[in-house]
Amino acid sequence: MIGRSPWQRWFAILLAFAAIVAFDTDDARAEYGDVVINNYSDAAGMRPAIFPHWFHRVRFRCKVCHADLGFKFKAGGNEINMVKIIDGQFCGACHNGELAWSVENCNLCHSAKPGTPTQVHESTIQKLAPAALQKK
Amino acid sequence: MKIERVILPVLMSVFFGGAAFADAGKDLYNKTCAVCHAAGIAGAPRFGNAADWQPRLAGGTARLYASALKGTAKGMPAKGGNLTASDGDVKAAVDFMLASVKKTASASPAKPAAAPAAAPVAAAPKAAAAPAAMAAAPVAAAVAPVAKIDATANTSGASAADINSFNRLLKPIGKRNPPPAEDGIHDPANDGTLVLMAPLAAYGPLPKSLAGNRVNWVKAIDEKKINPRWDRQDANAAPVVIDLNIVREVKGSMPDVVYPHKQHTEWLDCSNCHPAIFVPQKGANAISMAAILLGEKCGVCHGKVAFPVSECRLCHSKKKEFRPAQATAPATK
């Protein structure tokens with residue numbers, strides 16, 4: 001910035017502002033890999049659950065959930081329900097009040113906007129075929 | 001009343017350059033709605049296009065308000081994705097868009113489809129007064145009302161660079177890794193949402209990349225910036241890392257693919273990939289970019305959580321040996 005004429009600086013600011021305004025409505029903004037699971041939530045009057053991959057991969061390697069705990073590589077493909085979680089399966093293997101906070105904290109997982117469909121956010125498929133996802 | 005509501009904004013914006021008429025609905029339209037509703041992106045009804053709006057008007061204004069506020073299954077995000085806008089402003093923006101079509105509809109109420117054709121006559125002096133605006137709306141330059149709104153947008157300082165800006169559809173820096181309450185999927189009205197960690201709070205010390213989370217996760221482990229557990233309970237368990245590269249020759253001019261077991265076994269167990277996704281046998285796996293894009297093979301992870309397919313050269317990394325003489329001189333063997 002320093003050394004440029006005021007006109008150039010003004011123009012740069014204007015461009016930056018224009019860019020921000022132009023992109024203000026980007027609705028696909030969720031973090032890459034965030035999984036929304038809405039198998040039963042909407043029907044049960046709960047907000048859909050969101051699984052943040054990024055947060056978990058900082059702490060665990062893929063193998064822990066996808067091999068040891070048996071999570072299939074498919075959003076919504078695991079038929080997870082609260083009974084299984086309380087029994088210590090799936091999320092409940094860690095979210096048991098010992099390794100991680102337990103199931104009383106409903107709203108920490110069930111935090112999506114109601115009606116959000118099951119999908120992996122920012123995934124290639126979501127970007128390629130949003131219409132196909134909505135039909136489902 | 002109706003005529004005043006329609007005519008006044010137009011006159012005011014033309015004669016006073018829009019600056020004197022500080023309308024919340026128009027502001028929100030320019031800032032948020034216009035991104036889709038100016039050009040009709042994703043099937044959005046276009047500003048000033050009566051034919052687009054006609055079927056929607058049949059449901060009543062209240063229903064349009066509801067769609068704008070809560071979003072629709074067809075692709076309209078709640079409040080156009082701008083959740084900080086107040087309900088009143090959103091409704092005002094809907095009114096503003098409706099006003100644009102009511103004007104053209106009243107010009108030729110019997111044939112809404114002919115409205116765009118009739119409009120240029122009425123709006124000719126206004127459009128002529130803003131030639132820059134016409135140039136700024138290539139998609140709908142022929143539709144006078146759209147050009148008109150651009151004229152008001154320009155003079156009110158919103159800038160013509162919006163539409164022809166670089167990388168119009170890419171995610172700008174300010175919109176990457178948003179905190180949960182602003183990411184479009186978490187419900188900001190949920191108390192738990194506010195407790196959740198924001199991605200950027202975690203990414204600070206991690207090496208950067210150009211795609212996905214914009215974190216180079218492989219490097220993050222290599223540099224020991226993170227040490228994710230290999231076992232749920234045992235913090236000291238270590239993975240069995242296999243250092244074995246598999247080279248896949250690919251068709252065309254793309255460099256061949258080098259698949260490194262090393263980086264994958266840092267994260268994954270053999271059973272994650274073998275034998276369900278990849279048969280552990282050379283030549284037994286038909287892999288194509290089409291399959292990967294659809295979430296199969298490498299695409300089971302790459303393009304969902306692992307780095308996305310936009311990073312071609314991370315896989316296609318082995319330059320082909322160019323052997324033009326091979327066909328004529330087989331004796332080189």
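Two residues are in contact if their C-beta atoms, placed from the backbone, lie within 7 Å. By this criterion, 61 residues of chain B are in contact with 54 residues of chain A. The side of chain B that touches chain A draws at least two residues from each of α2 (24-37), α9 (191-195), α10 (199-203) and α13 (270-273) of chain B. Its residues divide into 28 nonpolar, 20 polar and 13 charged; Ala, Val, Leu, Ile, Met, Phe, Trp, Tyr, Cys and Pro count as nonpolar, Asp, Glu, Lys and Arg as charged, and the others, Gly among them, as polar.

The model is predicted: local features need pLDDT of at least 70 and side-chain atom pairs pLDDT 80 or more, while totals for chains, interfaces and linings use all residues. Residues are numbered from 1 along each chain as its sequence is written, and chains are lettered from A and ligands numbered from 1 in the order in which they are written.

Chain A has seven helices and three strands, in the order α-β-β-α-α-α-α-β-α-α. Helices (H or I, at least four residues) and strands (E, at least two) are DSSP runs, numbered from the N terminus. Of its 136 residues, 35% are buried, that is, with 20 or more other C-beta atoms within 10 Å of their own C-beta, placed from the backbone.

A nonpolar core is a set of buried Ala, Val, Leu, Ile, Met, Phe, Trp, Tyr and Cys residues joined through C-beta atoms within 7 Å. The largest has 21 residues, and B:Leu28, B:Tyr29, B:Cys33, B:Val90, B:Ala93, B:Val94 and B:Met97 touch the most other members. α5(B) gives the most to this core, with eight residues. A second, separate core of 11 residues includes A:Val35, A:Val36, A:Ala49 and A:Ala75.

Key
Buried ≥ 20, exposed ≤ 12 C-beta atoms within 10 Å, placed from the backbone.
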